[in-house]
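The following exercises are to be worked through with the sequence and the model at hand. Each task is followed by its solution.

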Amino acid sequence: MEPVSAAVSAVLPAGGSGERLGGATPKQFCGLQGRPLVSYAVRAMERVSWISDIIVVVSPENIETMKSIVEKYGHKRVTVVKGGITRHRSIFNGLKVFAENQSSNRLLQKPEVVIIHDAVRPFVEEDILLKVVTAAKEHGAAGAIRPLVSTVIASGEDGCLDHSLERARYRASEMPQAFLFDVIYEAYQQCTDHDLDYGTECLHLALKYCKTNAKLVEGTADLWKVTYKRDLYAAESIIKDNLSQQICIITDLKEAVAQVGFLLHESLKSQVKVEAISISLRKNDSHLQNIFSGECYNFLCINDKEYATEEIQQLVDMLEKSNIPLLYPVILILVHLSISENISFSIGLEELTKIKKFAREVKKKNILVYGLLIQCKDHFSLQETVNSAAALTMALIKDRNPELIGQLLVA
Ligand SMILES: Nc1ccn([C@@H]2O[C@H](COP(=O)(O)OP(=O)(O)OP(=O)(O)O)[C@@H](O)[C@H]2O)c(=O)n1
Ligand SMILES: O=C(CO)[C@H](O)[C@H](O)COP(=O)(O)O
């Protein structure tokens, strides 16, 4: 698909109260892996370089909360705007920032195309944004659709079935949607109070008031709207699943360490993409920097020292500088390799306490540290132990459980 040749901005309505979810906090501010849902939607827009301004519309009482989210997660190009009592009124307020001078917000450059996307749909990808924007440029309006999951039926006044719709002919209207700015702004200006208070479909407004038939674009299943409590669980699972796709194994040049690194790589590679690097952390390895920028959120650091404080601290510093832990918790598994002939447990209580203390400290930086002990008694049992270490590693990176930090697991 051609790159975007129009000025594009986005409006994210986030001014609802989340009644159907029924939580104490509106759903857009609920934490997923410690970060509010709305921040994921903002990030999804922000990482698209051709989107200029991102307008987040929130209810008046949440303006400060939203501003602090923008600040905390370092979001860029975001303007926070006061919402209305319905979704349509909130979106209209968001659009006004481009067309009318507001007392609290400066006038922003009017885009040719505006994306409208619910702040509670966190998994929107650049690909679908590009498709709706391109279609909106050509047709005036466009929106993502999905096949209906259930048949739509109408009930009569007596509460009995009146008629049902032929499911294959209808689609669920999802988000994102995109519009020529002038089309959707004109439509909102002409809206009646009834439209603004009871309407649920922006594409319909473009049709009703600007005779613009929106192009419908097939979207992915991940575009669904977080509505009920179970949707928060589903969203968190998807995030965890995305974060556990890749792991980086870090070893030094010692033969025994490198060998265990190799065996772990072999054992993990059928389940997860593995990057293996053998480095001295002192050198601020550029390969490691590349891995950071490649969005890897899991690290397995193998060494045979009692407790490799200096190396690990350097890795933590590098991770912190990379900004990864700002948006997602990073898993750091410290593999302690114990090479001894006898079966005795070679790590002392003092070391265990040190790991725990260190883990508590770096948790504040959103880095979750776990210890993993691999004992190499003899060559024959090593493979079995490595397989067990790989299984524990997968469990840790998939679960991302902050309560287990600082624990030493024995493979
Ligand atoms: N007055 C409103 C109402 C809704 N929205 C936003 O519109 C999107 C889609 O609305 P919906 O899922 O219905 O959110 P809520 O209205 O919060 O949910 P509910 O209907 O369960 O109360 C959400 O991002 C919501 O925050 C908004 O900006 N202003
Ligand atoms: O369904 C939609 C399609 O336009 C909108 O995405 C929106 O989510 C509807 O919100 P509400 O459930 O509050 O009417």
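Domain bounds are taken from an automatic or database domain assignment. The model is predicted: local features need pLDDT of at least 70, side-chain atom pairs count only at pLDDT 80 or more, and totals for chains, interfaces and linings use all residues. Residues are numbered from 1 along each chain as its sequence is written, while chains are lettered from A and ligands numbered from 1 in the order in which they are written.

**Exercise 1.** State how the protein chain is divided into domains.

*Solution.* The division gives domain 1 (8–234) and domain 2 (244–410). Their C-alpha centres are 41 Å apart. Six residues from domain 1 and six residues from domain 2 form the contact (C-beta atoms, placed from the backbone, within 7 Å).

**Exercise 2.** Describe the packing of helix α5 and helix α7.

*Solution.* Helices are DSSP runs (H or I, at least four residues), numbered from the N terminus. Helix α5 spans residues 181–190 and helix α7 residues 202–210; their axes are 8 Å apart, at an angle of about 80° (lines fitted to C-alpha atoms over the stretch in contact, with angles from 0 to 180 degrees between N-to-C directions). Therefore α5 is roughly perpendicular to α7 (65 to 115 degrees). On the α5 side, the contact includes Val-183, Ile-184 and Tyr-188; on the α7 side, it includes Cys-202, Leu-205 and Tyr-209.

**Exercise 3.** Which residues are around ligand 2?

*Solution.* They are Arg-87, Asp-118, Ser-173, Met-175, Thr-200, Glu-201, Cys-202 and Lys-225 (C-beta atom, placed from the backbone, within 6 Å of the ligand).

Terms used:
Helices (H or I, at least four residues) and strands (E, at least two) are DSSP runs, numbered from the N terminus. Angles under 35 degrees count as roughly parallel, over 145 as roughly antiparallel, 65 to 115 as roughly perpendicular and the rest as oblique. Two residues are in contact if their C-beta atoms, placed from the backbone, lie within 7 Å.
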